[in-house]
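Hello,

Here is the structure I promised to pass on to you.

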Amino acid sequence: MDIGNYIENILSKAIESSGFSPVRIQFDIPKEEKFGDMSSNAALLIAKANRIQPRKVAEEIVNNIKSDPGIVNKIEIAGPGFINFFIADNFYKENLSGILKQKSSYGKSDINKDKTANLEWVSANPTGPLHAGHGRQIALGKAIANLLEWTGYKVTREYYYNDAGNQMNNLAKSVYARYMEIFKPDFPFPEDGYAGDYIKEIARKIFEEKGDSLVSISDMEFFKNYGEEFNFALIKNSLNRLGIHHDVFFNETSLYKNSDIDRVIEDYKNNGLAYESEGALWLRMNKDKNFQKDKVIVKSSGEPTYRLPDIAYHINKINRGFDLIVDIFGSDHRDTYREVLYGVESLGYDIDKIRVIIHQMVTFKMGDESFKMSKRSDKTYSLDDLIDDIGPDATQFFFVMRGANTHLDFDVELAKEQSEKNPVYYLQYAHARICGILRNADEHLPEYKNSDIDKINLELISTEDEIKLLKVLSKFPAEILSSSVSYEPHKIITFLNAVAEQFHRFYHNNRVVDTGNIELSKVRLLICLAVKYVLKNGFDIIGISAPEKM
RNA sequence: GCGCCCGUAGCUCAAUCGGAUAGAGCAACAGCCUUCUAAGCUGUAGGUUAGUGGUUCGAUUCCACUCGGGCGUACCA
């Protein structure tokens, strides 16, 4: 049973029988114990709407609440008119067997059962390896995809890329130049070419395979394809190291081949949404929606700008019938995605199911040095370098640890530290510690495994640390729902921190395996097991490993 | 200039569509290992939530302005 639903239910019934018009019930989990386990400001809201005294409203409501004393221990009115509910310890104790039964699915819900979601992220074009700045989006997307699955969505993980156009020509020219350099050291390198060392590596590989046979070639196609393949291998390898696999690699070119792009152009023209000027095709932007000026969708050269295929791509996703379409971009795309969505909407498509998550840029700190991964930055710090420096778990963890909308300062030195300073270890250590206890129990008290989880002697659970621990664990499913609807996986980490903190405290104050008190030991082992499930499930969602030893 | 985002402890960040005494970690200081992992626990200190006004029972949260930082403002993606 979900305690939140239960309280909400009895509260709204009481409001109704008190004769007040229904309000949207809001709950807080009070920071302080003396305010109970759940608190509602319903009386304050009603009082405001009806211009009466809040405390009187609260009294009226409380008098009409019919609750099960086995679940609700006490109801109090406090402060200006908060109604505070104190939940009986027994409720949390009984929850223990539920966790133990559900194991690796504790926390899952099916509210989005039979719904499909498409998550598109990373989507870097194969012009080079991923850099460390990509890491934020990559890690966020991984965790969000998991969160969506935990609430029942069937998730398609998608990567959108373009292997045609200027960028790729540029890649081809850059590779060609580096190849030619092998024979003529003064061969000119294109002014806006890709300067990274990986281009030299590609050229060297081509030289090893083909020798000088391509020196007089005029067709850049070979260099383009070779570079693309090489770069995609790099990208996929980096993603692999973080445990990320996309289901669909969507090639922008397919939108040209199947005439989707042409159809969009036709639609714009037919509806008077686009006009020609100076040889280009312009999309009329709505100034009322804070757009500053019209935007080019087809250049005078006849090539579309990036907006047009992006619009066609979103229409394609809508037509594929997903119930939810999620995009993740850095804040440098804030304006462009608005333009794209406007372009989609203006053709009459329903963009309500499209959800765009914007994350702010990351500043990396190494010692006294600070740098950003902007396109203009000449500083190169690849995602692989970052993973080499701090490991895949810390990489994933540090990027997901904070809300997407903060300007994150990433302290590489801190993340590198294999010590108590590193917040990822605080969590993982709790898990490893439990595994250690269980190993100890395997040796000295193996019979705990035969405990009947339907007949746990709840009387034996008596210490404050145990009750608090069970309380925290009971909130896990609600935490998942709340971070899922807001697409904020960092809330899971905040929650897991609370679990780990309470577990460490419990561990410190309560001996678990005690052969002198076998029944108590068994119960405490089951509590440890429940904590282990919650930690492991949380780790799975945010995408880090659950070490058994550290 | 204009648009969007951000500003919370010395540092990095939380704070559940406006809730009660703004919380963690790191850094600092003081304690705790003959007992399942001290990568841990306990305690102390640290704040005019950038600033000024406003809205109300109540504001870190909403509004206005000022200051500071980021990102955009391409017929680049």
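In which sense do β8 and strand β9 pair, and over how many bridges? β8 and strand β9 (residues 280-283) pair in the antiparallel sense, over 4 bridges. Here strands are DSSP runs of E of at least two residues, numbered from the N terminus, and two strands pair if DSSP finds at least two bridges between them.

Before I go on, a word on the model: this is a predicted one, where local features need pLDDT of at least 70, side-chain atom pairs count only at pLDDT 80 or more, and totals for chains, interfaces and linings use all residues. Residues are numbered from 1 along each chain as its sequence is written, while chains are lettered from A and ligands numbered from 1 in the order in which they are written.

Back to that pair of strands: A274 has L283 in β9 as its bridge partner. Both strands belong to an open sheet of 3 strands with antiparallel pairing, ordered β8-β9-β10. β8 (274-277) and β10 (295-298) are at the edges with a single partner strand each, so one side of each has no neighbour in the sheet. On average, neighbouring strands here are turned by 45 degrees against each other, direction ignored; the axes are lines fitted to C-alpha atoms, and angles run from 0 to 180 degrees between N-to-C directions.

There is also an open sheet of 3 strands in the order β14-β13-β15, and its pairing is mixed. Its edges are β14 (369-372) and β15 (408-411). β13 (residues 362-366) pairs with β14 in the antiparallel sense over 4 bridges, and F364 stands opposite F371 in β14.

Best wishes
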